Structures are given as C-alpha cells and as structure tokens.
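Take a look at the sequence and the fold below.

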Amino acid sequence: MLSVIPNPPRTALPIAGSEDFFPVRRVYCVGRNYAAHAREMGKDPEREPPFFFMKPADALQIVPGADAVDHPYPPRTTNYHFEVELVAALGCGGQDIPTADALDHVYGYAVGLDMTRRDVQDEAKRLSRPWDLAKSADASAPIGPLHPVEGRRHPMRGAITLSVDDNPRQAGDLSEMIWSIADQIALLSTYFELHPGDLIFTGTPSGVGAVERGQVMQAAIEGFGAIRLNVV
C-alpha cells in the first residue's frame, strides 16, 4: 500500500557524543512543578497535585550545538513566554510504573524550553478552554542534544537557568521540583501506557517572562550544557 501523501518526517534528537539519534514518540509536559513558579502563576503548590499537558512531537525545535539557531516568534500572540526545563527521554515504557523503578525507564536528559503564548493561555484559562493553542505553536519546544544516563547519575540537583541578551531571567535548582522525575513518570504511567521515545518536560523554575524579536535566549542546566536561540 502506497501513501497518498509524502510520509511526514519523524522527529529525532541528536545524542551527545554519538552519531546515533533518538526518535521521538510523544511529548508530555508537567505544569507548575516548582513552588516559586506555582506561586508566581497564582497557585498554591502545597495543595495542587501535578497535572500534565502535551505538545506535538513536530513542535520540537532541535538545537544541535552551541551555536545559536533562529527561533520563530509565532503568530496570534503579543506575549510570548520562555520556560526553561529539564527534559527526560524514556528508553523503555510501561503502565502503572512503581516510583521506585521509574528512573530505570530513562534513557537520557536534555535542556529544553516550553515556549508559551501567554496571552492565549490566559484567555483559555478565563474561558475554561484547553491550552493547545497556547502551548503547541510550531517550534514551541526547543531542545538540545540528548545526554544518555549511562555512565552518569540521574540529576537530582543542579542549576537551571535562562538569560535573555545575557541578562539573567530564570535561576533555580533541579532539587526544587515539587514532584521528582520518578514521581512524574510513575503518575503519568497511570494515565497512559508510556513507550520508548516519549519525552517529559519536567517543569520550570520561577522568573518566566516575555521575549521579543531580536533578543537572544540562552537556556542552561548544570551538567547538560546550554542552547541558544535568536528570536526572529
């Protein structure tokens, strides 16, 4: 049987130190997973359980190296926000995964950004509508090379930062996550059967804000390098 249209390309992440690639299946994101960020968004981190949303895999924008890449400012927004995040990539899947076993499912980690049309999101919240238009713009998930777990520890702490035009905007530590990476995998696996190739954007620290055309963002996580993007 022939395809009646050209087969869409499958998104795959470069792997640091290798010529191999990591094919992506789904992209999950956890919301408000750092206490200070939850408070700046008007929520109580002590009372709200974790929640998830998704981005299409083709919303990933690969940033393969240290050189800056052009990042398109999306249409239908005038308030486009950055959110730096650690991304966990699953090498094996499952359902109802115990928390104690969850990290065994992680293949590696990368630096990512959850870019958001904040004005569109605020309107969706006001009208009790889904966030898809706010979270799923083309190129709304920039991501750097994947760093395999093999030979290193799972990151329980480490600086996570973002600057705009070399001015610090976000600064936190991975240890400040409300729900750990293992917690997120275990809970998410009660909603979906997880599979190899799934990504989880694990939340952002406080300091999120707007970026404009002509500015340069740099997102960095200790031990996983940095990615740079020119907003155009």
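**A strand wrapped on both sides**

Find C29: its bridge partner in β15 is F201. Strands here are DSSP runs of E with at least two residues, and helices are runs of H or I with at least four, numbered from the N terminus. This is a predicted model, in which local features need pLDDT of at least 70, side-chain atom pairs count only at pLDDT 80 or more, and totals for chains, interfaces and linings use all residues. Residues are numbered from 1 along each chain as its sequence is written, and side-chain values use heavy atoms, with hydrogens and water left out.

Strand β15 covers residues 199-201 and runs parallel to β3, with 3 bridges joining them. Two strands pair if DSSP finds at least two bridges between them. β3 also pairs with β4 (residues 51-55), this time antiparallel, over 5 bridges. There, C29 has F53 as its bridge partner.

Is β3 buried or exposed? Buried means under 20% relative accessible area, exposed over 50%, and partly exposed in between (1.4 Å probe, protein chains only). In β3 (residues 27-31), 5 of the 5 residues are buried, so the rest of the structure largely encloses this strand. V27, C29 and G31 are buried on one side, and Y28 and V30 on the other.

Now turn to the cores. A nonpolar core is a set of buried Ala, Val, Leu, Ile, Met, Phe, Trp, Tyr and Cys residues joined through side-chain atoms within 4.5 Å. The largest one has 39 residues, and Y109, L113, I185 and M217 touch the most other members. Elements giving two or more residues to this core include β9 (106-113), α4 (181-191) and β17 (216-221). Another core, of 19 residues, lies apart from it; C29 and A110 are among its members.

Look at Y109 next. Contact means heavy atoms within 4.5 Å. Beyond neighbours within four places in sequence, Y109 is in contact with residues including L86, L103, H147, I181 and F224.

There is also an open sheet of 3 strands, antiparallel, in the order β10-β7-β16. Its edge strands, β10 (116-117) and β16 (209-210), each pair on one side only. Between β7 (residues 80-82) and β16 there are 2 bridges. In one of them, F82 is partnered by G209.

Finally, step back. The protein has 4 helices and 18 strands. Buried residues make up 48% of its 232 residues. Of the contacts with a separation of 6 or more, 75% join residues 24 or more positions apart.
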